[in-house]
Amino acid sequence: MKNINAFLFAVLALLLTACSGSGLKPVSEKIQGPLGEYFEVVTKDYKAKDGKVSIEIKRIKDGFPEPWEKGMEVGYGDGTITPLFSVEFQDGDGNVVGKDAADIISDTDELKAIAALNTDESASITFDCPKDAKQFKVNSTFKVNGKNDSDQAGAFTINLSGKIGPYAIQMTLNVEADGEVTGAYYYKKKGPGALLYVKGTKSGNRITLAEFTKDGEQTGSYRGIYSEGVYKGQFSTNSGEYTFLLTEDETMETLDLSAMIFDSFAAAFSDEYTEEEDTYQSAGSEDWDELLQSYEQYVNKYIAYVKKATRGDVTALAEYPGLMKKAQELAEKLDAARGEMSASQLARYTKINMKMLKAAGEMNKH
């Protein structure tokens with residue numbers, strides 16, 4: 001796992017940094033879209049820190065839009081609901097300077113917390129925030145997940161967002177009636193100006209894709225299962241193999257593929273991928289479980305230390321050198337671990353990181 005050192009110390013620094021950042025105000029407490037009847041933005045001055053802002057959402061009415069039924073859980077599979085929020089950031093003159101949307105995979109815990117609110121209770125969700133943002137407005141979408149018509153034979157276009165390993169991406173796929181698939185995607189860190197293109201086939205619920213640069217060089221391949229608006233499987237490239245999990249994203253803008261001549265891409269696949277590979281029991285080393293246990297214990301201890309320090313407890317100063325030494329040792333072990341994490345291990349690793357980021361957000365409120 002590369003760049004764990006950088007991530008770990010960036011978050012530790014974030015937790016220790018004093019609260020700062022100019023006030024960021026909602027244009028209105030009203031949330032646009034189907035969830036506006038049930039939730040509103042809490043009006044206050046928000047503080048953006050290191051490109052992130054946590055926006056507080058308050059429930060003003062029980063339930064969700066029809067055909068929601070009591071007992072449905074937040075998710076993306078059959079019988080679940082997907083309540084999503086997106087933010088449009090503006091400068092002081094009302095010009096749009098950026099947008100970000102919640103992700104049903106990486107933001108599941110925050111979305112579940114918001115869905116579980118009682119009337120007049122509130123919870124926060126974190127968004128990427130541009131530096132020049134002065135105000136924002138919140139939009140929403142809502143879906144009750146059932147039989148997805150696009151799983152059937154016929155042509156359709158779908159927008160997907162999620163992760164390849166730890167990396168967030170957004171993807172558009174065009175599926176023709178004969179099973180031919182073309183599309184494009186980009187890593188959110190690099191932005192939509194750095195598109196990669198895909199071409200392949202859909203057979204039943206199996207989609208296989210080859211990845212190409214704009215110059216036609218093949219650089220990777222996808223093999224996975226598409227069902228109920230979810231595409232998941234294995235992504236292979238020269239740097240290794242990664243699991244991916246992408247879900248339908250109604251808030252995403254469809255990527256423009258008109259300039260690409262996909263006929264020039266010669267994609268060839270073996271038919272070796274089977275749905276059983278969907279279990280994602282990769283060749284990850286068993287020592288990941290032990291390392292993740294140590295990582296989580298350290299994060300819990302560090303968060304407790306930061307809370308003590310923010311209360312002005314002078315004894316916290318004596319703990320700092322030992323904690324930073326432990327952080328260095330732990331980061332080196334994480335980077336040196338052999339093999340890839342399994343899906344469950346990666347989920348746990350992500351959850352621990354989110355705990356740290358959430359703690360950082362809480363500290364920035366003070």
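**View 1. Lining of the largest cavity.** Three nonpolar, five polar and four charged residues make up the lining of the largest cavity. This is a predicted model. The volume of this cavity is about 110 Å³. Its lining residues are Tyr-76, Thr-82, Leu-84, Thr-141, Lys-143, Asn-145, Glu-228, Gly-229, Val-230, Thr-247, Glu-248 and Glu-250. Strand S5 (81–90), strand S8 (135–144) and strand S16 (240–248) are the elements that each give two or more residues to this lining.

**View 2. The second largest cavity.** The structure holds two cavities of 30 Å³ or more. Ala-101, Ala-102, Asp-103, Ser-161, Gln-170, Lys-188 and Asp-249 line it. By class, this lining divides into two nonpolar, two polar and three charged residues. Rolling a probe the size of a water molecule over the atoms shows where empty space is left.

**View 3. A five-stranded open sheet.** The strand order is S3-S1-S8-S5-S6, and the pairing is mixed. Strand S3 (46–47) and strand S6 (96–101) are the edge strands. Each has a single partner strand, so one side of each lacks a neighbour in the sheet. Strands of a sheet pair through backbone hydrogen bonds, either parallel or antiparallel. Two strands of this sheet, S5 and S8, also contribute to the lining of the largest cavity, with two or more residues each.

**View 4. The S5 and S6 pairing.** S5 and S6 run antiparallel to each other and pair over five bridges. Follow Glu-88 across to S6: its bridge partner there is Lys-99. S6 itself is an edge strand of the sheet.

**View 5. Confidence by element.** Mean pLDDT for the protein chain is 78, and 77% of the residues score at least 70. Among the elements of the chain, helix H1 (residues 4–16) has the lowest mean pLDDT, 56. Strand S2 (residues 39–41) has the highest, 96.

Note on methods
Residues numbered from 1 in each chain as written. Predicted model: local features only at pLDDT ≥ 70, side-chain atom pairs only at ≥ 80, totals over all residues. Heavy atoms only, no water. 1 Å grid on protein atoms, 1.4 Å probe; cavity = no way out; pocket = protein on both sides within 12 Å on 5 of 7 lines; lining within 4 Å. Points joined across faces, edges and corners; volume = space filled by probe spheres on them. Helix = DSSP H or I, 4+ residues; strand = E, 2+ residues; numbered from the N terminus. Nonpolar A, V, L, I, M, F, W, Y, C, P; charged D, E, K, R; others polar. Pairing = 2+ DSSP bridges. pLDDT = per-residue confidence, 0-100.
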